[in-house]
Amino acid sequence: MRLLVCGGAGFIGSTFARQRVVEYGDEVTVLDKLTYAGREENFQDIRDDAGFRFIRGAIEDAEAVPAAIRASQPEAIVNFAAETHVDRSIAEPDAFVRTHALGTYVLLEAAREHGMRYVQVSTDEVYGSIEEGTFTEESPLRPSSPYSATKTGADLLVQSYFHTYGMPALICRGSNNYGPYQYPEKLIPLMILNALHGDPLPVYGDGMQVRNWIHATDFARAIGHVLEHGEEGEVYNAGGPDECPNIDVVNRIVELTGASADQIEYVTDRPGHDRRYSLSSEKVRALGWSAQVRFEEGLAETVSWYRENEWWWEPIRSGDYRAYYERQYGRALG
Ligand code: NAD
Ligand code: TYD
């Protein structure tokens, strides 16, 4: 297939782009604004592949998007482009509104003009928090952070384009992703790099919040299944095979890195912190998908990847990320 992958310089988008080019022989054009989270290093290994092309541009740019479509002649658009960190959405929500609302609208208009298949990459956070049981595609949408609320708005707009204009649009919602190339503002890479550097490991609240972990290669494959086999207008959830309280994740990272448990520090909780996420994946399983990576082995491999790929994270950890970290955690990185 010829694909326009928006946000393909980020963590999951680049994982998807790599998978489609290398394993499926697709022609992939990445359109990405290169925010702090978007990095050309993320697709360095495929950038010289004949099936890969990169265009820098924003999804809310009503000139850049049609130009990218003209240049790449895609059969489908897959939209990963987003602001993705809940803590940043609490501190500064404006970019979340712009990218998720306006950006999704501009992409949908362009896709509609060409009658193109469109997959919106979304999150379990649109359903809010669940103490027991698991969310299905029929669960009510109850987002609680500016991140999840604006992602929900984007999902509703996508659904309206299917209902109103008959646009062939689909949504794939994933649970918490982890794996190589994840920006170290997120729990797992933050804890791995802090553990390796002897920095404190900041656990929010009581550390008993539960997340449903999915390896990014599994989520990318689920999105590919939805793209190829999903029914127009439908939503598909892709949840990981394992759930884990945050403190257990952190303790496991301490063991895997050989850090000291004394580095763990309980800090002030995130405002409005969702207690638990859990996603059922029956519907996407019926399309032939299943998760391949269990959390135990995936986490160990992820720790090894960060250990071995200092070239990737060193420029982040010595750059703007330091100022972000100080603002967010009230202390400097060591
Ligand atoms: P990321 O923050 O690593 O990457 C986001 C990418 O989008 C970056 O390359 C960034 O430059 C780009 N981008 C941001 N705003 C843009 C704009 N206006 N125009 C063009 N490009 C822009 O994010 P990620 O973790 O890879 O998440 C990708 C998608 O998956 C998001 O839509 C996110 O909501 C969804 N998702 C993420 C997770 C997770 O755990 N990380 C879980 C479920 C769903
Ligand atoms: P995060 O990686 O930000 O993903 P999300 O909020 O989208 O689930 O956080 C995962 C969990 O880890 C969440 O419950 C918040 C918690 N957390 C910490 O305890 N300390 C931290 O420094 C971070 C970044 C997250």
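Which residues is D26 in contact with, leaving aside its neighbours within four places in sequence? I looked this up in the predicted model. The list is M1, L3, R20, V21 and G51.

**Entry 1: D26**

I placed D26 along the chain next. D26 sits in the loop between α1 (11-24) and β2 (27-32). Is D26 buried or exposed? Its relative accessibility is 5%. Buried means under 20%, so D26 counts as buried.

I then went back to M1, one of the residues in contact with D26. The backbone nitrogen of M1 is 2.8 Å from a polar atom of the D26 side chain.

I moved on to ligand 1. How many residues surround ligand 1? I found 30. The closest are I12, D32, E60, T84 and K151.

I checked I12 in more detail. A polar backbone atom of I12 lies 2.7 Å from an oxygen atom of ligand 1. For L34, a backbone N or O atom is 3.5 Å from an oxygen atom of the ligand. T99 uses its side chain: an N or O atom there is 3.1 Å from a nitrogen atom of ligand 1.

On its own, ligand 1 has 840 Å² of accessible area, and the protein covers 97% of it.

**Entry 2: the shell around ligand 1**

Which elements give two or more residues to this shell? I noted α1, β5 (117-123), α5 (146-165) and β7 (176-178). The most comes from β5, with three residues.

Last, I sorted the shell by residue type. It holds 13 nonpolar, 13 polar and four charged residues.

Notes
Residues numbered from 1 in each chain as written. Chains lettered and ligands numbered in written order. Predicted model: local features only at pLDDT ≥ 70, side-chain atom pairs only at ≥ 80, totals over all residues. Heavy atoms only, no water. Helix = DSSP H or I, 4+ residues; strand = E, 2+ residues; numbered from the N terminus. Buried < 20%, exposed > 50% of the residue type's maximum accessible area, 1.4 Å probe, protein only. Polar contact = N/O pair within 3.5 Å; in protein donor to acceptor, adjacent residues only side chain to side chain. Contact = heavy atoms within 4.5 Å. Near = heavy atom within 4 Å. Areas by Shrake-Rupley, 256 points an atom, 1.4 Å probe, with all protein chains shown as cover. Nonpolar A, V, L, I, M, F, W, Y, C, P; charged D, E, K, R; others polar.
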